[in-house]
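Let's take a friendly walk through a protein model together.

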Amino acid sequence: MNKSLETDQQLSRLALIVKGDAELTKIFQEECTETLLKKLEENKAAKSFMAEVDAFLKQYGYRSVVSHDFVGETWLENPLHALSIIQGYVNDGYNFDENFKQTVKKREQNYNELLMQIEDSQHKEEFKKYYHWALDASVIRDDHHFYIDAMLDAKARLFLLKLGNLLVHHHVFLVKEDIFFLYLDELESLLENPVDMTELIEKRKKEHAEHEKMSNLPKYFGVPEPAQLKEAEKYMGAIEENDANSEHSIKGLASSSGTYTGKVKVISNTKEFSKLEKGDVLVCKTTTPLWTTLFQTAGAVITDAGGILSHSAIIAREYEIPAVVGTKISTDKLKDGDMVMVDGTNGIVTLLNE
């Protein structure tokens, strides 16, 4: 158990509360994600449940929907981020505790089977030691994601928004979120001497929008040797254009073994999480710990970025679903509804559309 899994466990617990109440279940099954929060806030029967959600957010809501950045909303600001995940669990019939129990059972079974194959008692004891070290280290990794990658960004954002409100009050800019278009030295100066920055902020917003649309980014800086590129591709995915790509196939890194055939759902951001239905093939640029909740719904995963040690690859292996990562082009080439076969053993995605 770790803090990231603990978050998932609590979301599953809230979904089970919904499933135990006919009126709540009807709301979650019939309402679209966009109207879900409003409907719950209007319903008297949902008052107790929403109090549970508030308690959950006070403990687990300090996470931003955009990792390592201040621009994305936190769960604490908008409960819909958590509610949409709960809605998915309600519709899928997901039960974290049951799944976790089965995963632990399988891990222990694999561990004991491997121990039986180690004849040398000294080697066996050495393996046991390293194995338990690995278990302890994996918890540290995931708790790091919870406290540093998520919570630190979120709390910094909430603090900066308070400063943003202060500067709006002093007519520095129009809305509190404009603070994210300032540099630190500018912010410090404005807190000492507030002046109108509206024109500069608008200019930077336009530049930011233009940068988001850029696609011809440099693949690398400098002049690496072919051997260096080859080594980097083991972990980062294809760097040069992939000659193996064709009209009906996409080549990437084999990251989680097995094959799976299903319909594509291209997910661009957390607001689109509710699009993913049980058995869909998740296609995205990359994933972060916030996206982990989608892996129990997806039948397979395809990403543009990442290597065999990326978040997408590691979590796909934990959920035992095929994954092909580092394709570079999957979100451009694939669209919702496309039928694909994901070969996670060989790193190939085959388009099966007629």
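Before we set off, keep in mind that this is a predicted model. His 171 sits in the loop between α7 (121-169) and α8 (184-192). Its phi is positive, at about 60 degrees, although His 171 is not a glycine. Is His 171 buried or exposed? Residues over 50% relative accessible area count as exposed, and His 171, at 63% relative accessibility, is therefore exposed.

Now turn to the sheet. In what order do its strands lie? Reading across, the order is β1-β8-β7-β3-β4-β5-β6-β2, which makes an open sheet of eight strands with mixed pairing. The edges belong to β1 (249-251) and β2 (253-256); each has a single partner strand, so one side of each has no neighbour in the sheet. On average, neighbouring strands of this sheet are turned by 30 degrees against each other, direction ignored.

For parallel examples, move to strand β5. Strand β4 (residues 281-284) and β5 run parallel and are joined by four bridges. Here Leu 282 has Val 301 in β5 as its bridge partner. With strand β6 (residues 323-325), β5 also pairs in the parallel sense, over two bridges. In this pairing, Ile 302 finds its bridge partner in Val 324 of β6. To get from β5 to β6, the chain passes through helix α11 (residues 311-319), and this β-α-β crossover is right-handed.

Stay with β5 for a moment and look at its side chains. Which residues of β5 (residues 300-303) point which way? Ala 300 and Ile 302 point one way, while Val 301 and Thr 303 point the other way, and all of them are buried.

Helix α11 deserves a look of its own. This helix lies across β2, β5 and β6, and it runs at about 40 degrees to β2. In the loop between α11 and β6 you will find Glu 320. Like His 171, which has a positive phi without being a glycine, Glu 320 has a positive phi, of about 55 degrees, and is not a glycine. Glu 320 counts as exposed because its relative accessibility is 52%.

A loop residue can also be buried, and Gln 296 shows this. Gln 296 lies in the loop between β4 and β5. Why does it count as buried? The cut-off is under 20% relative accessible area, and Gln 296 has 7%, so it is buried. Leaving out residues up to four places away in sequence, Gln 296 touches Tyr 89, Asp 92, Tyr 94, Lys 278 and Tyr 319.

The largest cavity has a volume of about 60 Å³. Among the residues that line this largest cavity are Arg 63, Ser 64, His 145, Asp 149 and Pro 289.

Notes: Residues numbered from 1 in each chain as written. Predicted model: local features only at pLDDT ≥ 70, side-chain atom pairs only at ≥ 80, totals over all residues. Heavy atoms only, no water. Buried < 20%, exposed > 50% of the residue type's maximum accessible area, 1.4 Å probe, protein only. Pairing = 2+ DSSP bridges. Right-handed = clockwise from strand over helix to strand, strands pointing away. Axes fitted to C-alpha atoms, helices over the stretch in contact; angles between N-to-C directions. Contact = heavy atoms within 4.5 Å. 1 Å grid on protein atoms, 1.4 Å probe; cavity = no way out; pocket = protein on both sides within 12 Å on 5 of 7 lines; lining within 4 Å. Points joined across faces, edges and corners; volume = space filled by probe spheres on them.
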